[in-house]
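Please look at the protein chain displayed below before reading on.

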Amino acid sequence: MLGMLFNEKECKELDYVLRKELDEMLLDLSDQRLDQNIRHAIANRYKTVFRMYARFAPQKELSKYARNGKFPQIKH
């Protein structure tokens, strides 16, 4: 376990960066053109970033990024 101290400005910046990263990954996960393996890797990374964001985000904000753990399958 690693601990870090942030001031208010740094907390806001971290919040912004994590939200933007989650938004980008959600967009990528909805892109049907991406290979299934790539989408799986993005989904795993999403879980990690989401857990980081969940440590300090308000519940209302967190619900915007909650996923059911699955991503749409590519139909052939």
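**Overview of the chain**

The protein chain contains three helices and zero strands, where helices (H or I, at least four residues) and strands (E, at least two) are DSSP runs, numbered from the N terminus. In order from the N terminus, the elements run α-α-α. The model is predicted, and local features need pLDDT of at least 70, side-chain atom pairs count only at pLDDT 80 or more, and totals for chains, interfaces and linings use all residues. Residues are numbered from 1 along each chain as its sequence is written, and side-chain values use heavy atoms, with hydrogens and water left out.

Of the 76 residues, 21% count as buried; buried means under 20% relative accessible area, exposed over 50%, and partly exposed in between (1.4 Å probe, protein chains only). The chain exposes about 6,200 Å², of which carbon and sulfur atoms supply 56%. Such areas come from the Shrake-Rupley method with a 1.4 Å probe, and for residues only the protein chains shown count as cover.

Helix α1 has 22 residues and reaches 32 Å from its first C-alpha to its last, close to the 32 Å expected at 1.5 Å a residue; the expected span is 1.5 Å times one less than the number of residues. Which residues of α1 are buried? They are D15, L18, L22, M25 and L29. Seen down the axis of α1, these buried residues fall within an arc of 100 degrees, so they line one face of the helix; the arc is that of the directions from the helix axis to the C-beta atoms. The face of α1 turned away from the buried side carries the exposed residues K9, K12 and L27.

Helix α2 (residues 36-54) has 19 residues and spans 26 Å from its first C-alpha to its last, close to the 27 Å expected at 1.5 Å a residue. Its buried residues are R39, I42, A43, Y46, V49 and Y53. Because they cover an arc of only 135 degrees around the axis, they lie on the same side of α2. The face turned away from that side carries the exposed residues N37 and R51.

How do the helices meet? The buried residues of α1 pack against α2, while those of α2 pack against α1 and α3 (59-63); contact means heavy atoms within 4.5 Å.

Finally, L2 lies in the segment before α1 (8-29). L2 counts as exposed because its relative accessibility is 72%.
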